Amino acid sequence: MQLLLSKASLFFNSRTLFYSSTTMATSTSISLSSKPRLKGIVFDMDGTLTVPVIDFQAMYRAVLGHDEYLAVKSKSPSGIDILHHIESWSPDKQRRAYEVIADYEKQGLDRLQIMPGAAELCSFLDSRNIRRGLITRNVKDAVDLFHERFNVKFSPALSREYRPYKPDPAPLLHICSTWEVQSNEVMMIGDSLKDDVACGKQAGAFTCLLDETGRYDAPEYANVQHKPDYKVSSLVEVQSLLETDFELTS
């Protein structure tokens with residue numbers, strides 16, 4: 001018996017996936033699930049699990065100086081990778097840059113708040129035995145404070161001390177290996193195209209962009225290299241997305 005299978009090409013559009021389908025015939029008697037399996041979610045921390053409180057643009061200006069900031073920003077439409085940018089600097093210049101970054105991050109810790117919907121989403125994932133991991137470019141102390149203050153745990157939880165950091169796919173692939181799952185059974189959720197979405201796409205995972213304000217609808221992001229599979233304006237939307245589009249399995 002011939003079964004017509006849909007071969008889908010994925011296109012990014014607002015909240016969810018859209019399909020442009022062509023059909024191909026194959027001879028099989030096996031029925032295939034229409035939903036991909038999902039066994040784990042990996043989250044970004046700052047701006048995803050926590051309310052955005054760090055003024056990253058001000059931090060970049062403080063590290064780079066006004067003129068260099070404008071020059072780098074013009075060449076990086078999806079955002080500035082400040083950690084990568086300063087890696088080529090002299091040791092003394094790097095030290096001063098990290099001091100500025102650490103000062104901004106400390107200010108962020110003093111005002112740390114959990115993102116609306118995050119606790120509820122974690123409870124839902126726990127109820128379905130879906131693994132939860134975390135990858136951040138912030139430091140381990142910030143991750144430890146997040147775990148302690150909000151009594152929610154992510155494992156593995158990889159901070160800036162793990163190299164290479166996002167957008168390199170290595171940390172996400174490390175988590176997949178630790179969980180003993182395939183990368184296409186995992187979703188990366190974050191608020192950054194250049195870090196979170198790029199990391200997830202390069203690892204072969206599903207990706208979901210959290211865009212609370214709609215800033216990624218701007219024309220300068222239309223032709224970025226890595227586009228998310230999903231886009232939401234709140235973590236509250238993620239549960240229904242997962243239940244609708246995925247077979248959730250441990």
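**Note on the predicted model: sheet, helices and salt bridges**

1. Of the 250 residues of the protein, 43% count as buried (buried means under 20% relative accessible area, exposed over 50% and partly exposed in between, with a 1.4 Å probe and protein chains only). The model is a predicted one, in which local features need pLDDT of at least 70 and side-chain atom pairs count only at pLDDT 80 or more, while totals for chains, interfaces and linings use all residues. Residues are numbered from 1 along each chain as its sequence is written, and side-chain values use heavy atoms, with hydrogens and water left out.

2. The protein contains nine helices and 10 strands; these are DSSP runs numbered from the N terminus, helices being H or I of at least four residues and strands E of at least two. Among contacts (heavy atoms within 4.5 Å) with a separation of 6 or more, 62% are between residues 24 or more positions apart.

3. An open sheet is formed by six strands in the order β6-β5-β4-β7-β8-β9, with parallel pairing; two strands pair if DSSP finds at least two bridges between them. At the edges stand β6 and β9, each of which pairs on one side only. Strand β7 (residues 186-190) runs parallel to β8 and is joined to β8 by four bridges. Within this pair, M188 is opposite T207 of β8.

4. Helix α9 (residues 238-245) lies across β4, β7 and β9, and runs at about 150 degrees to β9. For these angles, axes are lines fitted to C-alpha atoms, for helices over the stretch in contact, and values run from 0 to 180 degrees between N-to-C directions.

5. Which residues of α7 are buried? They are P171, L172, I175, C176 and W179. These residues lie on the same side of α7, because they cover an arc of only 145 degrees around the axis, the arc being that of the directions from the helix axis to the C-beta atoms. An α-helix has 3.6 residues a turn, so residues three or four places apart point the same way. The buried residues of α7 pack against β4, β5 (131-135), β6, β7 and α8. Just after α7, E180 has a positive phi of about 60 degrees.

6. The salt bridges number 16, each being a side-chain nitrogen of Lys or Arg within 4 Å of a carboxyl oxygen of Asp or Glu. One of them joins K166 to D44, at 2.9 Å from N to O. This pair links distant parts of the chain, 122 residues apart: K166 is in the loop between β6 (157-158) and α7 (170-179), and D44 is in the loop between β4 (40-43) and α1 (56-64). Both K166 and D44 are buried.

7. R160 and E105 also meet in a salt bridge, at 2.6 Å from N to O. R160 lies in the loop between β6 and α7 and E105 in helix α4 (residues 91-110), so the pair ties together parts 55 residues apart in sequence. R160 and E105 are both buried.

8. In the salt bridge between D211 and K231, the closest N and O atoms are 3.4 Å apart. D211 sits in the loop between β8 (206-210) and β9 (230-232), and K231 in strand β9, 20 residues apart. D211 is buried, with a relative accessible area of 3%, and K231 is buried with 9%. Elsewhere, D81, R137, K194 and D195 are linked in a network of salt bridges.
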